[in-house]
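Reader: I would like to learn how to read the features of a structure of this kind, one at a time. Could you take me through them with the general idea ahead of each case?

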Amino acid sequence: MEDCIFCKIVSKEIAANVIYEDTNTIAFLDLNPRNPGHTLVITKQHYATIFEIPEEIIADVYRTVKKISKPLKETVNADGMNTVQSNIVSQGVHHFHTHVIPRFWDDNMPIVWESHHAADRVELMAIAEKVKRLLG
Ligand code: AMP
Ligand code: ZN
């Protein structure tokens with residue numbers, strides 16, 4: 001897609017520190033890393049978000065995430081790793097990508113899914129039932 005920075009990385013118009021590449025995916029180091037080794041795994045084809053990407057391609061993305069995770073952890077001597085994938089909200093580049101972020105016990109990184117209250121059980125049941133209905 002024209003004017004998409006990640007499409008330009010795929011086409012090699014823009015240089016990147018690529019660590020892995022296969023038929024449908026490419027993994028490269030983030031230019032503004034939250035931690036050393038912060039990597040982005042993207043699709044080679046342009047899909048904006050999880051809502052557009054086909055199931056078989058997202059499976060390829062996470063196969064690549066799995067493949068790079070141990071060598072990446074070992075390279076930066078991380079204690080663990082987070083994978084974070086934003087769609088529309090908190091998404092700066094509108095080309096599907098998953099952040100793979102090496103974690104260290106003392107890195108003080110906030111947890112985006114931290115809960116501030118106990119769930120209303122009736123609401124939980126209503127949400128689960130509606131999603132199941134939509135899944136068919
Ligand atoms: P998000 O906010 O989830 O869309 O993340 C986009 C990420 O892409 C940010 O962490 C940026 O630092 C990173 N980024 C943007 N342009 C480049 C680039 N040319 N090479 C590597 N990383 C990039
Ligand atoms: Zn793109």
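Reader: In what order do the elements of the protein run from the N terminus on?

Author: Please keep in mind that this is a predicted model, in which local features need pLDDT of at least 70 and side-chain atom pairs count only at pLDDT 80 or more, while totals for chains, interfaces and linings use all residues. Residues are numbered from 1 along each chain as its sequence is written, chains are lettered from A and ligands numbered from 1 in the order in which they are written, and side-chain values use heavy atoms, with hydrogens and water left out. Helices (H or I, at least four residues) and strands (E, at least two) are DSSP runs, numbered from the N terminus. Read in this way, the elements of the protein run α-β-β-β-α-β-β-α, which comes to three helices and five strands. Along the principal axes, the C-alpha atoms fill a box of roughly 50 × 40 × 25 Å.

Reader: Which atoms coordinate the zinc ion (ligand 2), and what arrangement do the donor atoms make?

Author: Donors are N, O and S atoms within 2.8 Å of the metal (3.2 Å for Na, K and Ca), and water is not among the atoms, so sites may look incomplete. Here the zinc ion (ligand 2) is coordinated at 2.0 to 2.3 Å by the SG atoms of C4 and C7 and by the ND1 atoms of H46 and H95. Four donors count as tetrahedral if all angles lie between 85 and 135 degrees; four count as square planar and six as octahedral if opposite donors are over 155 degrees apart and all others between 65 and 115; anything else is irregular. Ideal angles at a metal are 109.5 degrees for four tetrahedral donors. Because the four donor atoms around the zinc ion (ligand 2) subtend angles of 106 to 116 degrees, the arrangement is tetrahedral.

Reader: What spacing do the donors follow along the chain, and are C7 and H95 buried or exposed?

Author: The donors of the zinc ion (ligand 2) follow the spacing C-x2-C-x38-H-x48-H. C7 lies in helix α1 and H95 in the loop between β4 and β5, so this pair ties together parts that are 88 residues apart in sequence. Burial is judged by relative accessible area (buried under 20%, exposed over 50%, partly exposed in between, with a 1.4 Å probe and protein chains only). By that rule both C7 and H95 are buried, with C7 at 11% relative accessibility, and C4 is buried as well, at 6%. Of the 136 residues of the protein, 35% count as buried.

Reader: How many disulfides does the count come to?

Author: A disulfide is a covalent bond between the sulfur atoms of two cysteines. With the criterion of a pair of cysteine sulfur atoms within 2.5 Å, the count comes to zero disulfides.

Reader: What volume does the largest pocket have, and which elements give two or more residues to its lining?

Author: Rolling a probe the size of a water molecule over the atoms shows where empty space is left. On a 1 Å grid over the protein atoms alone, a cavity is a set of points where a 1.4 Å probe fits but cannot get out, and a pocket is an open set with protein on both sides within 12 Å along at least five of seven lines; lining residues have an atom within 4 Å of a point. Grid points are joined across faces, edges and corners, and a volume is the space filled by probe spheres set on the points. The largest pocket has a volume of about 320 Å³. Of the 19 residues that line the largest pocket, F6, F28, D30, L31 and L40 are the closest to its centre. The elements giving two or more residues to this lining are α1 (5-10), β2 (25-29) and β5 (97-103), and the largest share, three residues, comes from α1.

Reader: How much space lies in the second largest pocket, and which element gives the largest share of its lining?

Author: The second largest pocket holds about 220 Å³ of space, and the largest share of its lining, three residues, comes from β5. Among the residues that line the second largest pocket are R34, H99, R103 and W113.

Reader: Where is N77 found, and what is its phi?

Author: N77 is found in the loop between α2 (55-76) and β4, and its phi is near 55 degrees, a positive value in a residue other than glycine. S90, in the loop between β4 and β5, has a positive phi of about 70 degrees although it is not a glycine. N77 is exposed at 62% relative accessibility, and S90 is exposed at 68%.
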